[in-house]
Amino acid sequence: MNDARQLVRDVRDTLSDIDEQIRNHPYPDLLSRRPASAESLGSFPGHQYHIVTSDLRSFSTLVSRFP
């Protein structure tokens with residue numbers, strides 16, 4: 001169990017810069033100053049769906065190769 005905890009700590013440390021970039025992305029601030037159109041916000045869920053399903057396929061392939 002300690003190995004798993006250490007792995008999670010290592011991954012968090014490795015990704016900390018990316019995490020910080022996501023937390024400080026300018027998009028939410030821009031939205032607070034100038035609301036986005038319904039059209040641009042409407043496409044967002046579709047984009048996220050595509051990304052998530054692609055990631056799931058990638059993870060599935062990885063697991064099938066290295067059980």
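**Salt bridges and a nonpolar patch in a predicted model**

Arg23 is exposed, with a relative accessible area of 61% (exposed means over 50%, buried under 20% and partly exposed in between, with a 1.4 Å probe and protein chains only). The model is predicted, so local features need pLDDT of at least 70 and side-chain atom pairs count only at pLDDT 80 or more, while totals for chains, interfaces and linings use all residues. Residues are numbered from 1 along each chain as its sequence is written, and side-chain values use heavy atoms, with hydrogens and water left out.

Two salt bridges are found in the structure (a side-chain nitrogen of Lys or Arg within 4 Å of a carboxyl oxygen of Asp or Glu). In one of them, Arg23 pairs with Asp19, with 3.0 Å between the closest N and O atoms. Both residues belong to helix α2 (residues 16-23) and sit four residues apart, about one turn of the helix (helices are DSSP runs of H or I with at least four residues, numbered from the N terminus). Asp19 is partly exposed, at 35% relative accessible area.

Helix α3 (residues 27-33) holds both Arg33 and Asp29, again four residues apart. Their salt bridge has its closest N and O atoms 2.9 Å apart. Here Arg33 is exposed at 60%, and Asp29 is partly exposed at 42%.

Turning to nonpolar surface, Leu7, Val11, Leu15, Ile18 and Ile22 make a patch of about 470 Å² (patch residues have over 30% relative accessible area and no salt bridge, with like charges joined within 9 Å and nonpolar side chains, Val, Leu, Ile, Met, Phe, Trp and Tyr, within 5 Å; areas come from the Shrake-Rupley method with a 1.4 Å probe). Helices α1 (2-14) and α2 each give two or more residues to this patch. Leu7 lies in helix α1 and is exposed, at 53% relative accessibility.
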